[in-house]
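Here is a quick walk through one chain, written for someone with the model open on screen. Have a look at the sequence and fold first, then read on.

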Amino acid sequence: MKKSILFLLAICILFGSPVKAQVGRLLNKVSKSVTKDVLGKSDSDTQNAKQEPEPQCACEQPELILNLGGNLKLMYSEISLSVKDDGSILVKDRTTNDYYIAKDGVTQGPLKSGDPRLGGFDNVDAADEPRKTDRWANNEYISKSGDKYMIKFKGKSYGPYGEIREFKVTKSKEKFAAFVIKNVVMNEADAKKMEEAIKNAKTDQEKMDLSMQYSQQMMQKMQQGGGPMSTIPQLISNTDIGTLDPSKSHIGTLNSNIKYDEIFMVVSNEIIDLKGNVVLTLNPEASQSKDLFVNTANNRYAYYNYGTLSFSDGSKLAGMFNPHWVKTDGQVYLAYMYYSPKRNAIMQCKISF
């Protein structure tokens, strides 16, 4: 074989330039053949070697969430993602403003803005939507009659309340917790009315009289609503809870994502349950994170920042997004997604936690 190639090359050189292109093509083929023989690599192997490496968080048996190739032909750098609690993923192609919904290996789309199937996702285009005047207007558990709110959960009613500060439901939809105020002595509309009246008063005496008038109205409304204690935030739930110290008012922020089927409060660097018990103490970096996760045994935590999931034992998973809880066959997992350059797809991994 080698002798034949050398003989052919000698003939080509003798005949000169008309066959130089053929020589080039031949040398190219020889080069590829030698590379394949020596290194044991095919042409496709050489091409794949140029791809970006898989992220550090990639697992051995990931689940396919969305194939960006095939009929979709989407570029990962040109899409925005939003994930619903049920695992559905909303993908927006920023180059065309088309939307796609992926769940359980099935993809719907392209969809246009305004399609009812886009409801329920975190707003990809929040700036384009009108601001809601009542934050609880579309909550399935909360209704409003006049200026009072009622909570109805699993067949039981709670209320009425003048204000609902926070309301959280667990992933299983079995538990809820809320911070409520029974009696609001002056709502936003009343405050604006009072401010406008005092602003338009012609004399200092008139301003003083108006201030006294509104103060008396607020005192009367407070007494009718149950006294001063009715104006302090209270914690309510359909599960066992502790008694809040009224002097501390609203002691924390409710969070139903920290642990599957539990609602905790985050206060400074501590995670606290609804009975007031400290579950775990966080390190400084974790205490600044919005995404916290506590394991089943309540002895380990994780926190997510800028594509990295860090654990309390010092280990990390980098190159991922959307950490969230999933429950499969009775087992709770901490799942996350990542982009795979090798597959040109969004993949999901699950870890016991």
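## The chain as a whole

Accessible areas here come from the Shrake-Rupley method with a 1.4 Å probe, and for residues only the protein chains shown count as cover. On that basis the chain has an accessible surface of about 22300 Å², with 50% of it belonging to carbon and sulfur atoms. Before going further: this is a predicted model, where local features need pLDDT of at least 70, side-chain atom pairs count only at pLDDT 80 or more, and totals for chains, interfaces and linings use all residues. Residues are numbered from 1 along each chain as its sequence is written, and side-chain values use heavy atoms, with hydrogens and water left out.

You'll find 6 helices and 22 strands in the chain. Both are DSSP runs numbered from the N terminus: helices are H or I with at least four residues, strands are E with at least two. Of the 353 residues, 34% count as buried (under 20% relative accessible area; exposed is over 50%, partly exposed in between, with a 1.4 Å probe and protein chains only). As for contacts (heavy atoms within 4.5 Å), 41% of those with a separation of 6 or more join residues 24 or more positions apart.

Which strands make up the open sheet, and in what order? There are 4 of them, in the order 1-22-21-20, with antiparallel pairing. Strand 1 and strand 20 (321-328) sit at the edges with a single partner strand each, so one side of each has no neighbour in the sheet. From one strand to the next, the twist averages 30° (axes are lines fitted to C-alpha atoms, and angles run from 0 to 180 degrees between N-to-C directions).

Two strands pair if DSSP finds at least two bridges between them. Strand 1 and strand 22 (residues 345-352) have 4 bridges, in the antiparallel sense. To spot the pairing on screen, look for E63, whose bridge partner in strand 22 is Q348.

Most residues other than glycine have a negative phi, and most peptide bonds are trans. The peptide bond from G109 to P110 is cis, with omega near 5°, and P110 belongs to strand 5 (residues 106-111). The bond from G159 to P160 is cis too, with omega near 5°; P160 is in strand 8 (residues 156-161).

K73, not a glycine, has a positive phi of about 50°. K73 falls in the loop between strand 1 (63-67) and strand 2 (79-83) and is exposed, at 67% relative accessible area. Y306 also has a positive phi, near 50°. Its place is the loop between strand 17 (301-305) and strand 18 (308-311), and Y306 counts as exposed at 84% relative accessibility.
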